[in-house]
Amino acid sequence: MSRLLSKFLPAKGAMPDDERIAYVINPRAKNISLKMDTAKRQMIVTASSKRALPAARRFVSEKADWIIVHLERLPAAQPYVHEGYILYRGEMTQIINPGGRGAPKFREGDDLNPPRLIIPAPDGALEGRAKRFLIRQAREAVEACTHYHASQLDVGVSKVSVRDTRSRWGSCAPGGIISYSWRLVCAPPYVLDYVCAHEVSHIIEANHSRAFWDVVDGLVDSVKPAKKWLRDNAAELHAVGANF
């Protein structure tokens, strides 16, 4: 199991204008409702109309204690800052910015030092450079893994892309068009491998039948542990790069 951050968000009051609270208008909503969105790291407040927003804000104030409890259950934000830590390849990895310019590098950890991402960046550029590095690493990893599993099944993949998806780790469209969340590069490699095998298997079985899972099981032996890791640590993946 990877060493994940155990800290939580600071316990600041959940007031109506808190940036961790998002208001949504849904004309079909009959009542004001609250829903925790762990991917967006926000409490979603749904109201039926703009006229109902003042009532929604009062509702948030009344439910402040309940909202704070749920917000504080989120794993700590992992912003791209010098000497800060982000989850990368399943390990909490320290970001080091020596300044200047140069290609980012990854250094394995040892008994004295944690894994490190060395990302040279001028003032104000670290966040962008760090995210671009992760996206490049994700693209390389999923492309290699996808084409490997496709060759094992002797099927064709027409396109592989990475996005910042919120609800799916991967998807497969007709014609062998496969898309992944770049955040998979922050998970352990066996988890990324499982998701790639899962999506490639959909080229043969466009469903989740027993036949589909037989195909996946023929590619990887990590289905159960990988699914469990994603279920247990999804919020950690969405904390990478978050500022609140």
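Which residue stands opposite Ser179 in E10? Ser161 does.

## Basis of the description

This is a predicted model, in which local features need pLDDT of at least 70 and side-chain atom pairs count only at pLDDT 80 or more, while totals for chains, interfaces and linings use all residues. Residues are numbered from 1 along each chain as its sequence is written, and side-chain values use heavy atoms, with hydrogens and water left out.

Helices (H or I, at least four residues) and strands (E, at least two) are DSSP runs, numbered from the N terminus. Two strands pair if DSSP finds at least two bridges between them.

## Strands E8, E9 and E10

E8 and E10 run parallel and are joined by five bridges. Strand E9 (residues 170-173) pairs with strand E10 (residues 177-181) in the antiparallel sense, over four bridges. Ser179 in E10 has Ser171 opposite, and Ser161 also stands opposite Ser179.

E9 and E10 form a hairpin with three residues between them. Gly175, in the turn, has a positive phi of about 90°. Four of the five residues of E10 are buried, which leaves the strand mostly covered. Buried means under 20% relative accessible area, exposed means over 50%, and partly exposed lies in between (1.4 Å probe, protein chains only).

An open sheet of three strands has the order E1-E3-E2, with mixed pairing. Strand E1 (21-25) and strand E2 (33-37) stand at the edges with a single partner strand each, so one side of each has no neighbour in the sheet. On average, neighbouring strands of this sheet are turned by 30° against each other, direction ignored.

E1 and strand E3 (residues 42-47) run parallel and are joined by five bridges. Val24 has Thr46 in E3 as its bridge partner. Helix H1 (residues 53-62) packs on the sheet and touches E1, E2 and E3. The direction of H1 makes about 145° with that of E1. Axes are lines fitted to C-alpha atoms, for helices over the stretch in contact, and angles run from 0 to 180 degrees between N-to-C directions. Contact means heavy atoms within 4.5 Å.

## Helices H4 and H5

Two packed helices are described by the angle between their axes and the distance between the axes. For helix H4 (residues 189-201) and helix H5 (residues 210-219), the axes come within 9 Å and cross at roughly 135°. H4 and H5 are therefore oblique to each other; angles under 35 degrees count as roughly parallel, over 145 as roughly antiparallel, 65 to 115 as roughly perpendicular and the rest as oblique. The crossing of H4 with H5 is right-handed. A crossing is right-handed if the near helix is turned clockwise from the far one by less than a right angle, and left-handed if anticlockwise.

On the H4 side, Tyr194, Ala197, His198 and Ser201 meet Phe212, Trp213, Val215, Val216 and Leu219 in H5. The residues of this contact divide into seven nonpolar, two polar and no charged. Ala, Val, Leu, Ile, Met, Phe, Trp, Tyr, Cys and Pro count as nonpolar, Asp, Glu, Lys and Arg as charged, and the others, Gly among them, as polar.

## Two buried residues in helices

Ser201 lies in helix H4 and counts as buried at 0% relative accessibility. Leaving aside neighbours within four places in sequence, Ser201 is in contact with Leu153, Phe212, Val215, Val216 and Leu219.

His238 is found in helix H6 (residues 223-239) and is buried, with a relative accessible area of 4%. With neighbours within four places in sequence left aside, the contacts of His238 are Thr38, Ala39, Arg41, Thr165, Arg166, Trp169 and Arg183.

## Positive phi in two loops

Arg89 is a residue other than glycine with a positive phi, near 55°. Arg89 belongs to the loop between strand E4 (85-88) and strand E5 (91-96), and is partly exposed at 35% relative accessible area.

Asp154 is not a glycine, although its phi is positive at about 60°. The loop holding Asp154 runs between helix H3 (126-153) and strand E8 (159-163). Asp154 counts as exposed, at 72% relative accessibility.
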